[in-house]
Amino acid sequence: MLRIFHDTHYDFIKWWRAMAIATATFIIVGMGATLLRGGLRYSIDFTGGTLMQLAFQQKPDVAQLRAALDAGGVRDAEITQFGSDREFTVRAQDENASAGASTHGAESVARRVRDVLAQRFGASAFTVVRTEAVGPRVGSELRRGAIIAILVSFALTLIYLWFRFEWRFGLAAVIATAHDIFTTIAFIGLMHLEVSLTVIAAILTVIGYSLNDTIIIFDRVRENLRKHRGMPLYDLVNLSVNETLPRSVLTHATTLGATLALLLFAGEVIRPFAWVMAFGIFTGTFSSIYVASAILIWIERRYPRPAVDARRAPAARPAVRPDRTLAAS
């Protein structure tokens, strides 16, 4: 059996300050870039409107394409190259569409785009690969549903960890999960990825992936608390991370390999999902070690458990050694 990173003794927690500064800088830069661009770029799923994927026989001039749409009354359309230099997506909204007539309005926009381009370039110059039409009411409901799904995942996580371990572990895991969400949003903003339902599914998958990694480390911490009584918690957490390192490396490497295959060969539709998943593997591993574990030590230091009667429990839970890095926080 392949054995890698076996019996290691890396001091992971020693670098928590540098890692905290690095991740805070990344979040600030990513959020700043997102705000400067006017916020996240939502897909047709959330904004409502019409999305058309067009394949041209010859590479068109984008300026002429935009001018033709503006002249035909399809103003402020978003034109994006999609795949090859002959494929484009055109996203437009019907300004006069009400909630009740949203679907009809979206279909009329699709017809208008098709007629305008046929008049300008010729009907045989392009083919419509796909057309998606979503009303603004549906988009608003999807956005609200996505936010609720993320908040519910937070609540269930906290409740699950509270019962399986205790509140200290649950709080550390939830803070680490919040870190994953903020860093992923910052990454989406930096990459200017389109936020679609597929990307929301990727974010929820990343949350589950990161939680699973955190629970495995916490489970080993709980086992080691019983096996190594008297060991300072700082050393015990480091030991637990090192003991789970072989499993983590193999799991993350195989998952990343599958994700990279999607990123390289699955096409433009799946690419935002693959980007978020690839980043999520990294940030989920990072937060399990440098956020969840470090915060667990900090919580144990700030809110130590009540002392156990020595007659009932001769080998009581070890205290956190005050002379370690986190003790100075």
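Start by selecting T131, which sits in strand β5, residues 126-134 (strands are DSSP E runs of at least two residues, helices are H or I runs of at least four, both numbered from the N terminus). You're in a predicted model, where local features need pLDDT of at least 70, side-chain atom pairs count only at pLDDT 80 or more, and totals for chains, interfaces and linings use all residues. Numbering runs from 1 along each chain as its sequence is written, and side-chain values use heavy atoms, with hydrogens and water left out.

T131 is partly exposed, at 37% relative accessible area (buried is under 20%, exposed over 50%, partly exposed in between, with a 1.4 Å probe and protein chains only). Now show what T131 touches: setting aside residues up to four places away in sequence, that's T50, L51, M52 and A110 (contact means heavy atoms within 4.5 Å).

Next, jump to N242 in helix α8, residues 233-243. Buried or exposed? N242 is buried, with 5% relative accessibility. Beyond its neighbours within four places in sequence, N242 contacts T8, H9, Y10 and F12. Zoom in on H9: its backbone nitrogen is 3.5 Å from a polar side-chain atom of N242.

Finally, zoom out to the whole protein chain. Colour by secondary structure to pick out ten helices and six strands. Of the 329 residues, 42% are buried. As for contacts between residues at least 6 apart in sequence, 79% join residues at least 24 apart.

Conventions: A polar contact is a pair of N or O atoms within 3.5 Å; within protein, one must be able to donate a hydrogen and the other to accept it, and residues adjacent in sequence count only if both atoms are side-chain atoms.
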